[in-house]
Amino acid sequence: MSAFGWVIAGALAILTVATIVGAELERRAKTPEGRATIANLNARTRSWWVMALIFGGALALGPTTTILLFAGLSFMALREFWTLAPSRPGDHRALFLSFFVALPIHYGLLLDGWYGLFAVFIPVYAFLILPAISTLAGDVKDFLSRTARVQWGLMLTVYMLSHAPALLMLDTGSDTAMLVLYLVVVAQISDVAQYVFGKLFGRTRFSPNVSPSKTVEGLVGGWAFAVLVGVALAPLTPFSLLQAAGMSLAIVVAGFFGGFVLSAVKRDLGAKDWGYVIQGHGGVLDRVDSIIFAAPIFFHLTRYWFTP
Amino acid sequence: MIAGAVRQILVILVRVLVGARGEWVGSAPEPRTRIYFANHTSHFDTLAVLSALPRGLRRRTRPVAARDYWGGSALKRFVAEDALRAVLIDRDGSGGGDPLEPVEAALARGDSVLIFPEGTRGAGETVAPFRSGLHRLAERFPDAELIPVHLENLARVMPKGSFLIVPVTCTARFGAPLRQTPGETRAEFLERARSAVAELDPRREGTAT
């Protein structure tokens with residue numbers, strides 16, 4: 001069986017075990033609080049099945065479907081961002097252009113494989129054109145913070161996230177779809193392991209203000225576990241075992257700060273979840289927050305050291 | 001049947017485009033005669049409330065719309081009257097008759113209605129004073145439940161004067177039924193109804209849900 005086949009089989013095995021354990025825990029839960037936690041856990045597991053099938057299916061179908069899947073995720077994440085972030089009527093055109101012009105062009109450049117323009121289109125051209133268009137509305141109230149929101153919204157949900165499928169452009173001499181799989185599996189395993197270790201051994205809160213559910217024990221356990229998985233998955237990649245350990249450490253640390261920073265933004269906006277489309281998890285942005293930070297870093301580390 | 005299919009397609013389009021999720025905070029979706037009244041901020045408002053209702057209720061909930069706009073062409077009339085089962089009324093009384101009569105007929109048949117008592121679209125920041133029609137309907141149909149509905153974010157989808165759509169997620173929040181208060185004047189009632197809608201706005205409490 002190919003390495004890809006092993007990962008898929010492994011994911012199916014983990015989900016099957018999680019489903020069985022969840023059903024057993026549901027039977028045993030006695031307190032209302034415990035039942036609520038288990039109900040949420042099982043909702044998460046059900047959503048994982050759906051997410052694993054969609055992601056695995058898109059990846060198996062090829063680069064075009066993978067890029068289109070991430071374009072769709074960016075669209076939903078940007079929508080969740082603007083549902084919570086305030087805007088004024090003067091931002092309307094800039095928002096419209098973010099959704100329907102900047103996002104499609106950026107992912108179009110990815111489909112086209114034009115790396116040079118892909119790298120600068122949003123941070124240079126969109127960032128100059130959008131505020132220029134906003135000024136035409138003639139509304140100067142909060143102009144600086146409004147512009148900052150427009151730009152960072154685009155940066156996080158579109159530009160950063162798109163670096164996951166951008167791995168497909170790299171010429172590493174190996175199957176680059178496996179790099180996308182590697183990134184997503186390590187980052188998500190890290191999230192799940194942090195949650196599990198946190199629930200089992202969590203005592204010391206890491207930062208109650210920003211993210212009340214994160215604990216030091218969860219972090220250490222989750223990171224260690226995810227790095228082990230990253231080392232085990234090294235055959236998918238052009239990395240040696242030691243390099244895989246370094247790469248997965250970069251992914252989990254960046255991914256952790258992704259969740260942490262987006263949690264701070266969310267709390268600043270007065271919300272607990274970004275949305276409601278993924279049962280048990282919240283919104284798309286709640287699920288991809290770690291990828292948003294990990295993807296560009298993993299992309300550049302790989303591009304610098306593993307491409308000619 | 002075609003009208004039903006068109007309605008279903010419109011609902012799906014609105015769901016994809018703006019989410020249009022229903023949140024029941026003070027009442028539950030029940031099949032009884034109700035007068036839903038909501039703040040009015042965009043062209044999507046009617047569809048957003050209908051999309052937020054469960055399917056069974058949607059069929060028996062008739063939005064009230066202006067004939068001067070929706071009666072304008074055969075297509076508009078088909079969408080309004082057949083697909084959405086709207087009750088078209090003459091806002092300015094130009095038809096000569098009583099503009100609320102068709103709404104009362106719908107309520108008398110046991111249907112629910114959806115009205116926008118502000119009369120015209122606002123900017124979404126505040127809820128404008130209500131017109132008196134709601135008071136009259138409440139007096140004539142004391143058994144119909146008065147359900148305040150707050151539409152959030154719809155003004156940002158398509159603000160007045162723009163035809164560009166920004167697909168932020170919208171929520172229709174259904175509040176607790178307005179209680180009858182004996183001896184209340186019309187102005188007092190309308191203000192109480194208005195603030196019932198305004199109080200459903202989560203931004204007022206400073207915490208979004």
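**Note on a predicted two-chain model**

1. In chain A, 13 residues of domain 1 are in contact with 17 residues of domain 3; contact means that heavy atoms lie within 4.5 Å.

2. On the basis of the numbers: residues are counted from 1 along each chain as its sequence is written, while chains are lettered from A and ligands numbered from 1 in the order in which they are written. The model is predicted, with pLDDT of at least 70 needed for local features and 80 or more for side-chain atom pairs, whereas totals for chains, interfaces and linings use all residues, and side-chain values rest on heavy atoms, with hydrogens and water left out.

3. Which elements make up chain A? Chain A contains 11 helices and zero strands, and its order from the N terminus is α-α-α-α-α-α-α-α-α-α-α. Helices (H or I, at least four residues) and strands (E, at least two) are DSSP runs, numbered from the N terminus.

4. The overall dimensions of chain A follow. The C-alpha trace spans about 60 × 50 × 30 Å along its principal axes. Of the contacts in chain A with a separation of 6 or more, 72% are between residues 24 or more positions apart.

5. Of its 308 residues, 49% count as buried; buried means under 20% relative accessible area, exposed over 50%, and partly exposed in between (1.4 Å probe, protein chains only). The accessible surface is about 14300 Å², with 70% of it belonging to carbon and sulfur atoms. Areas are from the Shrake-Rupley method with a 1.4 Å probe, and for residues only the protein chains shown count as cover. Chain A has 21 positive and 16 negative charges, whose mean positions lie 7 Å apart. Lys and Arg count as positive, Asp and Glu as negative, and His and the chain ends are not counted; each charge is placed at NZ of Lys, CZ of Arg, CG of Asp or CD of Glu.

6. Is His163(A) buried or exposed? His163(A) counts as buried because its relative accessibility is 2%. This residue belongs to helix H7 (residues 163-166) of chain A. Beyond its neighbours within four places in sequence, His163(A) is in contact with Phe118(A), Ala295(A), Pro296(A), Phe299(A) and His300(A).

7. Two further helix residues of chain A are listed here. Thr176(A) is in helix H8 (residues 176-201) and is buried at 11% relative accessibility. Not counting residues up to four places away in sequence, Thr176(A) touches Leu167(A), Leu168(A) and Leu170(A). Gly56(A) is part of helix H2 (residues 32-61) and is buried, at a relative accessible area of 14%. Gly56(A) and Val7(A) are separated by 49 residues in sequence, and by 9.9 Å in space from C-alpha to C-alpha.

8. Chain B has nine helices and seven strands. Its radius of gyration of 16 Å is close to the 17 Å given by the globule rule for 209 residues, so chain B is as compact as a globular protein of that length. The C-alpha trace of chain B spans about 45 × 45 × 35 Å along its principal axes.

9. In chain B, 51% of the 209 residues count as buried. Among contacts between residues at least 6 apart in sequence, 72% join residues at least 24 apart. Chain B exposes about 10000 Å², of which carbon and sulfur atoms supply 55%. There are 29 positive and 24 negative side chains in chain B, and the centres of the two sets are 6 Å apart.

10. Asp142(A) sits in the loop between helix H5 (115-135) and helix H6 (143-160) of chain A, and is partly exposed with a relative accessible area of 41%. Asn153(B), also not a glycine, has a positive phi of about 80 degrees. The loop that holds Asn153(B) runs between strand S6 (145-152) and helix H8 (154-157) of chain B; Asn153(B) is buried, with a relative accessible area of 12%.

Notes:
The radius of gyration is taken over C-alpha atoms; the globule rule is 2.2 Å times the number of residues to the power 0.38.
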